[in-house]
Amino acid sequence: MLIDIDKISKEMICAIRFENNEWNLYDCDGEKLPNPSDKRIFSSSMKKRYLNLKKRGNKENNISAVWILVGISDNGKEICEQVGRTTDLINSLTEIKDNVKDFYRSDSKKYGVLKKKNYKEIVFYEVDIDEYIKNDRLFKKLYGNVPDDTYLSSAYYFIRAAYVEGKLGFETSASMYRKSSLDGYFYEYYKRKTTKKLKRNSM
């Protein structure tokens with residue numbers, strides 16, 4: 001892992017904590033929510049409450065977003081397990097909601113496996129993209145500032161999110177992250193750049 005999780009500016013969307021031998025779901029404000037199960041329809045409280053939090057902060061919800069999933073051990077060590085990207089925050093929250101449901105499924109072969117990793121808590125965060133790329137000279141060199149045109153600005157935000165997803169996917173070594181076409185280019189760029197640097201330093 002090439003980046004400290006604490007140094008990634010982010011907002012908690014929800015958390016699942018291991019307490020009294022069971023996994024409990026909490027919203028962005030730390031309020032306990034009913035756990036999804038086969039007999040209970042998973043409510044949209046998590047999604048609504050986070051959107052209300054964003055609304056209070058006057059943050060945009062209609063541009064491409066990036067989220068991460070972090071596992072926290074008893075000793076406080078944080079490990080990024082997943083990095084994801086969607087076309088907007090609404091879709092991110094829907095995706096995370098489905099991931100939480102998968103975690104609770106008894107036959108889960110994806111997020112449910114995190115129960116075996118001795119985490120005391122797993123947390124879904126939205127990445128503050130503006131803060132993350134604030135001093136990123138490469139991104140500024142490649143893409144400059146947000147265009148005035150509506151369609152071009154949407155494309156800009158989409159590419160920006162892919163850049164952040166790919167870069168974070170590499171920096172965090174997230175085990176569940178899978179490259180797609182666009183973010184994969186950025187992932188491979190940083191992988192190659194780091195490999196070359198390590199080779200030079202070893203000579």
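**Salt bridges, helices and cores in a predicted model**

D27 and R49 join through their side chains in a salt bridge, with N and O 2.8 Å apart. A salt bridge here is a side-chain nitrogen of Lys or Arg within 4 Å of a carboxyl oxygen of Asp or Glu. The model is predicted: local features need pLDDT of at least 70, side-chain atom pairs count only at pLDDT 80 or more, and totals for chains, interfaces and linings use all residues. Residues are numbered from 1 along each chain as its sequence is written, and side-chain values use heavy atoms, with hydrogens and water left out.

The D27–R49 pair links distant parts of the chain. D27 lies in the loop between β2 and β3 (32–33), R49 lies in helix α1, and 22 residues separate them. Helices (H or I, at least four residues) and strands (E, at least two) are DSSP runs, numbered from the N terminus. D27 is buried, at 1% relative accessible area. R49 is partly exposed, at 27%. Buried means under 20% relative accessible area, exposed over 50%, and partly exposed in between (1.4 Å probe, protein chains only).

R49 also forms a salt bridge with E31, with the closest N and O atoms 3.3 Å apart. This pair, too, links distant parts of the chain, 18 residues apart. E31 is partly exposed, at 45% relative accessible area. The whole structure holds 12 salt bridges. Side chains of opposite charge can pair when their charged atoms come close.

Helix α2 (residues 89–104) contains D102. The helix has 16 residues and spans 23 Å from its first C-alpha to its last, close to the 22 Å expected at 1.5 Å a residue. The expected span is 1.5 Å times one less than the number of residues. D88 caps the N-terminal end of α2, placing a side-chain oxygen 3.1 Å from the backbone nitrogen of I90. The buried residues of α2 include L93, I96, V100 and F103. The buried residues of this helix pack against β1, β2 (22–26), α1 (45–56), β4, β5 and β6.

D102 is buried yet has no salt bridge. The nearest side chain of opposite charge, R105, is 4.0 Å away. Lys and Arg count as positive and Asp and Glu as negative; His and the chain ends are not counted. R105 instead meets D107 in a salt bridge (3.0 Å, N to O). R105 is partly exposed at 40% relative accessibility, and D107 is partly exposed at 47%. Leaving aside neighbours within four places in sequence, D102 is in contact (heavy atoms within 4.5 Å) with S108, K110, Y111 and G112.

The largest nonpolar core has 32 residues. A nonpolar core is a set of buried Ala, Val, Leu, Ile, Met, Phe, Trp, Tyr and Cys residues joined through side-chain atoms within 4.5 Å. V66, I68, V83, V127, V164 and L168 touch the most other members. Elements giving two or more residues include β4 (65–73), β5 (78–86) and α5 (150–172). Helix α5 gives the most, with eight residues. Beyond four places in sequence, the contacts of V83 include V66, I68, E165 and L168. A second, separate core of 24 residues includes I13, W23, V100 and L114.

Helix α5 has 23 residues and reaches 33 Å from its first C-alpha to its last, close to the expected 33 Å. Just after α5, S173 takes a positive phi of about 55°.

Notes: Polar contact = N/O pair within 3.5 Å; in protein donor to acceptor, adjacent residues only side chain to side chain.
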